[in-house]
Amino acid sequence: MTSGNPYDLPPVPKHPDDLEFSPSDEERNLAILAHLSGIAGILLGGLLGFLGPLIIYLWKKDSSVYIESQAKEALNFQITLLILSVVCIALAVVSCGVLCPVVFVPMILQFVFAILSALAVRAGKHYRYPFNIRLMK
């Protein structure tokens, strides 16, 4: 029992790797937005999925470790998908259209992993994509 003195309170974990860490609702919502904004980027411009996570990362990187880590993870995934998209488009062009369906692989990966990551983040977990080029550490 505390005596009203703020120094008697137990320390609050600040890092997402702490076992007792529990992000706030705002942190969860912004992390979900970082992961789902890749879908909006694909729907709006095809290859602009990295803009949403980048904006959230730059906006909240100093105020929340959880949002920073999830936005970086989402940004790295979007960069990975951008590289994969360029490779798939090149394959389709070089094959004279025979491999044209391969162009849809990055979009399918985006939808599947955006949903999986959003569900994990909604539960307050730290999500890491199974394959990702981690340029931002």
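Cys96 is exposed, with a relative accessible area of 72%, where exposed denotes over 50% relative accessible area, buried under 20% and partly exposed the range in between, for a 1.4 Å probe and protein chains only. The place of this cysteine is in the loop between helix 3 and helix 4, and phi of Cys96 is near 60 degrees, a positive value in a residue other than glycine. The model is a predicted one, in which local features need pLDDT of at least 70 and side-chain atom pairs count only at pLDDT 80 or more, whereas totals for chains, interfaces and linings use all residues. Residues are numbered from 1 along each chain as its sequence is written, and side-chain values use heavy atoms, with hydrogens and water left out.

The secondary structure of the chain comes to four helices and zero strands, helices being DSSP runs of H or I with at least four residues and strands runs of E with at least two, numbered from the N terminus. Read along the sequence, the pattern is α-α-α-α. Of the 137 residues of the chain, 37% count as buried. Among contacts with a separation of 6 or more, 65% are accounted for by residues 24 or more positions apart, a contact being defined by heavy atoms within 4.5 Å.

Two packed helices are described by the angle between their axes and the distance between the axes. Here the axes are lines fitted to C-alpha atoms, for helices over the stretch in contact, and the angles run from 0 to 180 degrees between N-to-C directions. Helix 2 (residues 51–60) and helix 3 (residues 65–94) pack at an angle of about 155 degrees, with their axes 8 Å apart. These two helices are therefore roughly antiparallel to each other, a description applied to angles over 145 degrees, with angles under 35 counted as roughly parallel, 65 to 115 as roughly perpendicular and the rest as oblique. On the helix 2 side the contact is made by Pro53, Leu54, Ile56, Tyr57 and Lys60, and on the helix 3 side by Ile67, Glu68, Ala71, Lys72, Ala74, Leu75 and Gln78. By class, the contact of helix 2 with helix 3 has eight nonpolar, one polar and three charged residues, where Ala, Val, Leu, Ile, Met, Phe, Trp, Tyr, Cys and Pro count as nonpolar, Asp, Glu, Lys and Arg as charged, and the others, Gly among them, as polar.

Lys60, which is found in helix 2, is buried, with a relative accessible area of 14%. Leaving aside neighbours within four places in sequence, Lys60 is in contact with Glu26, Leu30 and Ile67. Lys60 and Leu30 are 30 residues apart in sequence and 9.0 Å apart in space, C-alpha to C-alpha.

Helix 3 and helix 4 pack at an angle of about 170 degrees, with their axes 10 Å apart, and are therefore roughly antiparallel to each other. In this pairing, Tyr66, Gln70, Phe77, Gln78, Leu81, Leu84, Ser85 and Cys88 of helix 3 meet Pro106, Leu109, Gln110, Phe113 and Val121 of helix 4. The residues of the contact of helix 3 with helix 4 divide into nine nonpolar, four polar and no charged. Gln78, in helix 3, is buried, with a relative accessible area of 5%. Residues up to four places away in sequence not being counted, Gln78 touches Gly38, Gly49, Phe50, Pro53 and Gln110. Leu82, which also lies in helix 3, counts as partly exposed at 28% relative accessibility. Leu82 and Pro106 are 24 residues apart in sequence, with their C-alpha atoms 8.1 Å apart in space.

The largest nonpolar core has 18 residues, of which Val121, Tyr127 and Tyr129 touch the most other members, a nonpolar core being a set of buried Ala, Val, Leu, Ile, Met, Phe, Trp, Tyr and Cys residues joined through side-chain atoms within 4.5 Å. The elements that give two or more residues to this core are helix 1 (25–45), helix 2, helix 3 and helix 4 (105–122), and helix 3 gives the most, with six residues. Tyr127, with neighbours within four places in sequence left aside, is in contact with His35, Gln70, Glu73, Phe113, Leu116, Ser117, Ala120 and Val121. Pro130, found in the segment after helix 4, counts as exposed at 59% relative accessibility. Pro130 and Phe77 are 53 residues apart in sequence and 9.7 Å apart in space, C-alpha to C-alpha.
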